[in-house]
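Let's take a walk through a protein together.

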Amino acid sequence: MCILKRSSTRCRAPIEVGSDDRHPPTILCSLGNNFPRQSAVLAAMMAPVGRRWGFRMLVAASSGKDLVSEKSVLMQKLAKIPPIRSIQIIDDNRLDAEHVSAVLHLLLGRDVIITQHKSMAVALETLRRSPPDLIFLDDYLPPLDRAESSMKSLQRFGYTGPIVVMSGSFTRARKTEISAFKPLGLLPKDDINSFAMAEVLARLGSDRS
């Protein structure tokens, strides 16, 4: 893990780069509270580049001090959630599944068993043998499965636990459609980082209607 400094006449942005042998590099860049618009522009520009070359660019519109403070609050919330022993990730994109797995291990530790499945058929077969405590579900699984039909299939197989739906292209209308099925949360794939993930997981510690 290393910190790189990049400066210009307008701002100085710390860039944190992290990777290991199993997971693609993740770059966290904070431009500070004075540059929220620049942060949004940088995130929009770097997301497609990252997907093409196999890395994640996470941009935070806050200072390093604020990031540490926010993380502390989120970790306190995570301490109140029920124990999570196993998680199932259903996503046909291996890179996306690996990234989600890496973020979850970072937050919950390596003792959590995380399995990855590329199709609903394989996921449902595994569900029969060992139901997970939490499922991360891609909104679209080729050739035909959308989140609604996937969640119905999981329920038919007896799964009643929380589900987080992920997508690389959420629209406002699409979010409304999926929200009718009351998932634990909706995660845009380009915004999946430890902060966004912790906010979703923290909901496990509160009653949901």
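Lys-189 sits in the loop between strand S11 (185-188) and helix H7 (194-201); helices (H or I, at least four residues) and strands (E, at least two) are DSSP runs, numbered from the N terminus. Is Lys-189 buried or exposed? With a relative accessible area of 9%, Lys-189 is buried, because buried means under 20% relative accessible area, exposed over 50% and partly exposed in between (1.4 Å probe, protein chains only). The side chain of Lys-189 also makes a polar contact of 3.0 Å with that of Asp-96. A polar contact is a pair of N or O atoms within 3.5 Å; within protein, one must be able to donate a hydrogen and the other to accept it, and residues adjacent in sequence count only if both atoms are side-chain atoms.

A quick word on the ground rules: this is a predicted model, where local features need pLDDT of at least 70, side-chain atom pairs count only at pLDDT 80 or more, and totals for chains, interfaces and linings use all residues. Residues are numbered from 1 along each chain as its sequence is written, and side-chain values use heavy atoms, with hydrogens and water left out.

Zooming out, the protein chain has seven helices and 11 strands, and 43% of its 209 residues count as buried.

Now for H7. Seven of its eight residues are buried, so H7 is largely enclosed by the rest of the structure.

What about the largest nonpolar core? A nonpolar core is a set of buried Ala, Val, Leu, Ile, Met, Phe, Trp, Tyr and Cys residues joined through side-chain atoms within 4.5 Å. The largest one has 27 residues, and Phe-136, Met-197 and Leu-201 are among those that touch the most other members. H7 gives the most to this core, with six residues.

Met-197 lies in H7 and is buried, at 0% relative accessibility. Leaving aside neighbours within four places in sequence, Met-197 is in contact (heavy atoms within 4.5 Å) with residues including Val-100, Leu-104 and Phe-136.

| Pair | Kind of distance | Value |
|---|---|---|
| Lys-189 and Asp-96 | side-chain polar contact | 3.0 Å |
| Met-197 and Leu-74 | C-alpha to C-alpha | 9.7 Å |
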